[in-house]
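Visitor: I'm new to this one and would like to learn how to read it. Could you put it up and walk me through it?

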Amino acid sequence: VHGELELGIDKGEYLCVDWPDEDAKDAVFRPRPVVQHESTRAPPTLSLDDCLAAFSAPERLDEQTEWYCRVCKAHRQATKAVSLWHAPPVLVVHLKRFRKTDLA
C-alpha cells in the first residue's frame, strides 16, 4: 500500500519486538551464506592503456586468414596490427560490455 510498510506500520512509527530468548532472535537474524553468481562478480580492472595496448597488439594470421601477396601471387602467413599514429583532439571511447564464451 502506498505510504505504508508491509506490516501496516506508517512511516515514522516503530515496531518493538521483545524476543523470548536469543535463539528466537538468532533464528530470524542469523547470518546466511551469500552466494555470488558468476555474472555479478566484479570484472578485472583494465586501464585505457591496457585496452589500447590489446587493440594495437600484433595478430598473426592463420591459414584461414592468410594474406594474399600481389607480387608472388600466393597466400602468405602474415602479421597484422592496428596502430594510432597521433591522438585526435578529442578521443571518443565507446564502452561495451561483453563476455567471451567458448562454444566448443
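Guide: Let's start with pLDDT, which is the predictor's confidence in each residue, on a scale from 0 to 100. You'll need it here, as this is a predicted model. The protein averages a pLDDT of 76, and 75% of the residues score at least 70.

Visitor: Where is the pLDDT below 50?

Guide: Look at residues 1-5. Beyond near neighbours in sequence, that stretch has four contacts in the model.

Visitor: How many helices and strands are there in the protein?

Guide: You'll find two helices and four strands. Reading from the N terminus on, the order is α-α-β-β-β-β.

Visitor: What about the surface and the inside?

Guide: The accessible surface of the protein comes to about 11,000 Å², and carbon and sulfur atoms hold 57% of that. As for the inside, a residue is called buried when its relative accessible area is under 20%. Of the 104 residues in the protein, buried ones make up 4%.

Visitor: Can we try one residue? Where is the place of Leu52?

Guide: Leu52 sits in helix H2, which covers residues 48-55.

Visitor: And why is Leu52 called partly exposed?

Guide: Partly exposed is the band between the buried limit of under 20% and the exposed limit of over 50%. Leu52 has a relative accessible area of 32%, so it counts as partly exposed.

Methods
Residues are numbered from 1 along each chain as its sequence is written. This is a predicted model: local features need pLDDT of at least 70, side-chain atom pairs count only at pLDDT 80 or more; totals for chains, interfaces and linings use all residues. Side-chain values use heavy atoms; hydrogens and water are left out. Buried means under 20% relative accessible area, exposed over 50%, partly exposed in between (1.4 Å probe, protein chains only). Accessible areas come from the Shrake-Rupley method with a 1.4 Å probe; for residues, only the protein chains shown count as cover. Contact means heavy atoms within 4.5 Å.
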